[in-house]
Amino acid sequence: MNKEFTVEDRLKERVKELTCLYSISSALRKHQEDVQATLKEICEITKNAWRYPEAAIVHLKYTSFDIKIGDIPSAYIFQEGKLSDHQEKIGNIRVYYDSTYFDTTDFLEEEQQLLDQISIEISDFFERESVKQREELLRRKAEHNDRLAILGEITAGIAHELNTPLGNILGFAELIHANNNDEQTKNDLDKIIKASIYSREIVKKLMFFACEMPHQKQAQQIKPIIEQALSLLGPNLKKAGISCQFTIDEENLVIPLDIIQFTQIIFNLVINAIYVSSPKSYIEILVSHTKDTLLMEVKDQGPGIPKSLRKKVFHPFYSTKPLGEGSGLGLSVVHGIVKAHQGEIKIVDNVPNGSNFQISLPL
């Protein structure tokens with residue numbers, strides 16, 4: 001369908017091109033939320049800017065977006081503009097004609113230049129959208145951190161306020177228990193003492209969670225620390241009918257850490273493993289290392305943790321245990337200690353069943 005192109009025709013086409021760029025800039029400036037609608041509007045504007053708008057088909061592909069204005073014929077010719085993000089090709093916008101009626105001479109060189117400019121406009125638009133999303137994510141993280149900081153301050157205040165009365169309740173209950181011979185009263189006092197000890201442990205964890213957890217890192221042999229912690233947990237393991245296997249790849253492995261906080265990690269992870277394990281099963285603690293990193297794995301043979309919950313279990317006050325059996329602070333404390341030691345913690349499946357808590361710490 002090639003026809004003689006006059007000076008007047010070129011002038012009209014130039015006006016269409018300028019109008020097209022202005023309309024596209026306006027569409028992008030007024031964009032609110034619906035990206036799909038904005039891109040469709042741009043495709044419509046592009047179609048009308050071409051020499052034969054009634055025959056032009058516009059197709060835009062970018063990541064998850066796939067927008068067509070018209071049906072692409074089985075035989076076609078096209079012009080293409082590349083959409084890119086940081087010089088990486090991620091999409092394109094094409095203008096098609098049916099090759100039954102048109103040939104490449106029906107495309108103008110100025111139209112290719114226009115399509116290249118439209119591609120730049122769209123690419124810049126998506127880059128701005130990406131920046132906005134990153135800024136929104138950072139804003140949400142900042143708000144989350146602010147809420148955690150406020151929660152920490154409130155928690156610390158509550159914990160300090162509860163500590164003294166709990167100590168009094170526990171002390172007087174034990175005093176009365178020691179000087180009382182009535183069986184029913186002793187049973188009632190046992191319940192009070194047990195509840196007070198449980199509450200005091202929650203308060204300790206609250207205080208541990210709420211503070212910045214100052215630590216005294218010193219180079220320590222890790223094997224004796226783990227063996228000492230497992231020795232203290234011996235009665236818990238025996239009562240549950242569970243064995244614990246500890247393996248380390250180097251007897252004299254030394255790592256900079258805070259002994260008290262690292263022991264807290266062992267206690268929390270092993271106690272959790274005991275809780276989910278059935279009698280006659282076993283818990284494994286494996287310690288290995290590379291040149292720069294220590295890896296400690298605590299494996300149980302319990303039911304495992306669904307992937308959907310593996311991040312939630314580290315959130316403060318989140319617990320899968322029945323009410324009264326868990327404070328939801330144990331794993332959040334572990335997570336905090338690991339982070340304070342510049343380490344990482346994650347949960348993977350144990351084989352053939354159970355969970356594997358993997359902690360990596362820098363050597």
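Guide: One term to start with: a salt bridge is a side-chain nitrogen of Lys or Arg within 4 Å of a carboxyl oxygen of Asp or Glu. K223 and E251 meet in one through their side chains, at 2.2 Å from N to O.

Visitor: Before we go on, what kind of model is this?
Guide: This is a predicted model, where local features need pLDDT of at least 70, side-chain atom pairs count only at pLDDT 80 or more, and totals for chains, interfaces and linings use all residues. Residues are numbered from 1 along each chain as its sequence is written, and side-chain values use heavy atoms, with hydrogens and water left out.

Visitor: Back to that pair. Where do K223 and E251 lie?
Guide: K223 is in helix 5, while E251 is in the loop between strand 6 (243-248) and strand 7, so the pair ties together parts 28 residues apart in sequence. Helices (H or I, at least four residues) and strands (E, at least two) are DSSP runs, numbered from the N terminus.

Visitor: Is K223 buried or exposed?
Guide: K223 counts as buried, at 18% relative accessibility. E251 is partly exposed, at 45%. Buried means under 20% relative accessible area, exposed over 50%, and partly exposed in between (1.4 Å probe, protein chains only).

Visitor: How many salt bridges are there?
Guide: The count comes to 9 by this rule. K30 and E41 form one of them, with their closest N and O atoms 3.3 Å apart. K30 lies in the loop between helix 1 (7-29) and helix 2 (35-49), and E41 lies in helix 2, so this pair ties together parts 11 residues apart in sequence. K30 is exposed, at 51% relative accessible area. E41 is partly exposed, at 30%.

Visitor: What about E129 and K132?
Guide: Their side chains meet in a salt bridge too, at 3.1 Å from N to O. Both residues lie in helix 3 (residues 109-178), 3 residues apart, about one turn of the helix. E129 is buried, with a relative accessible area of 14%. K132 is partly exposed, at 42%.

Visitor: New topic. How many helices and strands does the protein have?
Guide: It has 8 helices and 11 strands. The protein has 363 residues, and 38% of them are buried.

Visitor: Which residues touch the most others in the largest nonpolar core?
Guide: I226, F262, I265, M296 and F357 do, in a core of 38 residues. Such a core is a set of buried Ala, Val, Leu, Ile, Met, Phe, Trp, Tyr and Cys residues joined through side-chain atoms within 4.5 Å.

Visitor: Which helix gives the most to this core?
Guide: Helix 7, with 7 residues.

Visitor: And what does I265 touch?
Guide: M296, V334, I337, V338 and I359, leaving out residues up to four places away in sequence. A contact means heavy atoms within 4.5 Å.

Visitor: What lies apart from that core?
Guide: Another core, of 32 residues. V58, V95, F107 and I122 are among them.

Visitor: Now the rings. How many aromatic pairs are there?
Guide: The count comes to 10 by the rule used here. Rings of Phe, Tyr and Trp (its six-membered ring) pair if their centres lie within 6.5 Å; planes under 30 degrees apart count as stacked, over 60 as edge-to-face and the rest as tilted.

Visitor: Why is the pair of Y76 and Y96 edge-to-face?
Guide: Because their planes are at 90°, with ring centres 5.0 Å apart. Y76 is in strand 3 (residues 76-85) and Y96 in strand 4 (residues 88-98), 20 residues apart. Y76 is partly exposed, at 38% relative accessible area. Y96 is buried, at 3%.

Visitor: And F125 with F126?
Guide: That pair is edge-to-face as well, with planes at 65° and centres 5.3 Å apart. Both residues are buried.

Visitor: Which residues form an aromatic cluster?
Guide: Y52, Y97, F102 and F107 form one.

Visitor: Last one. What sits over the ring of F78?
Guide: The charged end of R94, 4.1 Å from the ring centre. A charge counts as over a ring if NZ of Lys or CZ of Arg is within 6 Å of the ring centre and within 35 degrees of the ring normal.
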